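Biologist: Could you take me through this structure step by step? I have not looked at it before.

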Amino acid sequence: MKSTASDTEDKEKSNLIRQEDADASKATFPELFFDLVFVFALIQLSHTLAKDFGSTALVEAAIIILSLWWLWVQITWLTNMLNTEAGPVRLFLFAMMFTGVLLAIALPKAFSDQALAFAAIYSVMQIGRSLFALYVFKGVDHENALTFSRMAIWLAASSVFWIAGGLSSTLGWQIALWGVAIGIEYVGPLVKYYAPGLKTGKDERLHLSGEHLAERCALFVIICLGETILTTGRTATEYMNSGLTFVVFCSAFATTILMWWIYFHHGQEKVSEKADDTGEPEKIAQNLFNYGHLPIVTGIILTAVGEDFSLSHSQDPSTWREALAIAGGPILFLAGNIGVKVASSYIRPVSHFVGIGVLLVLLLLQGMPLYALQIGCASVLGIVAAWEYVALRNNATNSA
């Protein structure tokens, strides 16, 4: 009887695992619904940065961006392997949504009054994700169960530093402890979550759909770009009192469209093909998605903050504070695209390197009016997009 009951339970759990069929690579509605939480989180982050963008705030923002990205991408890795149409998986996603909203609410004061709340919620989400995966795969998929067992140990270790940082009354110690926590989580995949006593099999790998991960990351980029439009529109509503503001708004909107073009016109398609065709989906997924998309996402968020500055203080002279956002965002975005495009197609986009060089010059030109800096950065992105388009078209013609 016990064996029969166990077999029945294993069969039920196997239904929670994503099946390999024609639709397995497509993002599902529950996943898209889950992503809405991160729209709120990114808006919270942008508003917080726009209010306080000093040197300490940059370090704090880096920790928050790293944590939000890692949380989203790791949950995406898990849902990549699960059947999100199954009831228990949907309930899991709804639970992650609820705790994600609480995390976003605590985000603006994560380094003050809500530090412990932010740390506790984040830790619960990360450890809960691993424990749910362990429940699903235990007795059904030994390799994945072993991986998530070790992952839970690593996340339990990082949560000690998250909670300790949340309890710290000193900002310096909080930043240091949370920096260690983030470091543990980012190093984990590189060493296959090594844990003494839990062996790593030579052929052990997560059973991933590269095409699905490519689509999910592309959708997250759209979320970030959409958040940029929302932030820009909100700020423009408050300051649309002159023709100059309208020109800056048009420039900011064009920046968002150009970022979309640079990422989706060529890079995303190659990423999807590379992720789908590779014989090492886990390794490629880590290079292209876990780490490769991080500067792209960070660049878009930073650009949104810069557009807020250029709209709200159009004629003010730029300082390092504004220049790092207005020009630094596109620099990070182009750098991330270089990494992703080189990894996926082995083509070095010269236009992107030149664009970064020009943007660095603009970054160093202190005292330029913010509206001029915004228009200049948008113009550089326009040149990069046009240059790449012509180069790709010429390459296609020569190949034919």
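Modeller: The overall make-up comes first, followed by individual residues and their partners.

Modeller: This is a predicted model, in which local features need pLDDT of at least 70, side-chain atom pairs count only at pLDDT 80 or more, and totals for chains, interfaces and linings use all residues. Residues are numbered from 1 along each chain as its sequence is written, and side-chain values use heavy atoms, with hydrogens and water left out.

Biologist: How many helices and strands does the protein have?

Modeller: The secondary structure comes to 15 helices and 0 strands. Helices (H or I, at least four residues) and strands (E, at least two) are DSSP runs, numbered from the N terminus.

Biologist: What percentage of the residues is buried?

Modeller: Of the 400 residues in the protein, 53% are buried. Buried means under 20% relative accessible area, exposed means over 50%, and partly exposed lies in between (1.4 Å probe, protein chains only).

Biologist: Which residues make the nonpolar surface patch?

Modeller: Phe 40, Phe 98, Val 101, Leu 102 and Ile 105 make a nonpolar patch of about 430 Å². Helix H4 (residues 87-106) gives the largest share of this patch, 4 residues. Patches are made of residues with over 30% relative accessible area and no salt bridge; like charges are joined within 9 Å, and nonpolar side chains (Val, Leu, Ile, Met, Phe, Trp, Tyr) within 5 Å.

Biologist: Take Ile 105: buried or exposed, and why?

Modeller: Ile 105 counts as exposed because its relative accessible area is 51%. Its place is in helix H4.

Biologist: Now to charges. How many salt bridges are there?

Modeller: The count comes to 7 salt bridges. A salt bridge is a side-chain nitrogen of Lys or Arg within 4 Å of a carboxyl oxygen of Asp or Glu. Side chains of opposite charge can pair when their charged atoms come close.

Biologist: What does Glu 31 pair with?

Modeller: The side chain of Glu 31 meets that of Arg 216 in a salt bridge, at 3.3 Å from N to O. This pair links distant parts of the chain, with Glu 31 in helix H2 (residues 29-51) and Arg 216 in helix H8 (residues 210-239), 185 residues apart.

Biologist: And which residue forms a salt bridge with Asp 35?

Modeller: Asp 35 also forms one with Arg 216, where the closest N and O atoms are 2.6 Å apart. Here, too, distant parts of the chain are linked: Asp 35 is in helix H2 and Arg 216 in helix H8, 181 residues apart.

Biologist: Why do Glu 31 and Arg 216 count as buried?

Modeller: Glu 31 is buried because its relative accessible area is 0%. Arg 216 is buried because its value is 1%. Asp 35 is buried as well.

Biologist: What about Glu 322 and Arg 321?

Modeller: Their side chains meet in a salt bridge at 3.2 Å, N to O. Glu 322 counts as buried at 11% relative accessibility, whereas Arg 321 is partly exposed at 30%.

Biologist: On to rings. How many aromatic pairs does the structure hold?

Modeller: It holds 22 aromatic pairs. Among them is the tilted pair of Tyr 186 and Tyr 291, at 6.2 Å centre to centre and 50° between the planes. That pair links distant parts of the chain, Tyr 186 in helix H7 (residues 171-187) and Tyr 291 in helix H10 (residues 281-291), 105 residues apart. Rings of Phe, Tyr and Trp (its six-membered ring) pair if their centres lie within 6.5 Å; planes under 30 degrees apart count as stacked, over 60 as edge-to-face and the rest as tilted.

Biologist: Which residues do ring pairs link into a cluster?

Modeller: The cluster consists of Phe 34, Phe 38, Trp 69, Trp 72 and Phe 220.

Biologist: Lastly, how many disulfides are there?

Modeller: There are 0 disulfides, a disulfide being a pair of cysteine sulfur atoms within 2.5 Å. Cys 217 is buried at 1% relative accessibility, and Cys 250 is partly exposed at 34%.

Conventions. Areas by Shrake-Rupley, 256 points an atom, 1.4 Å probe, with all protein chains shown as cover.
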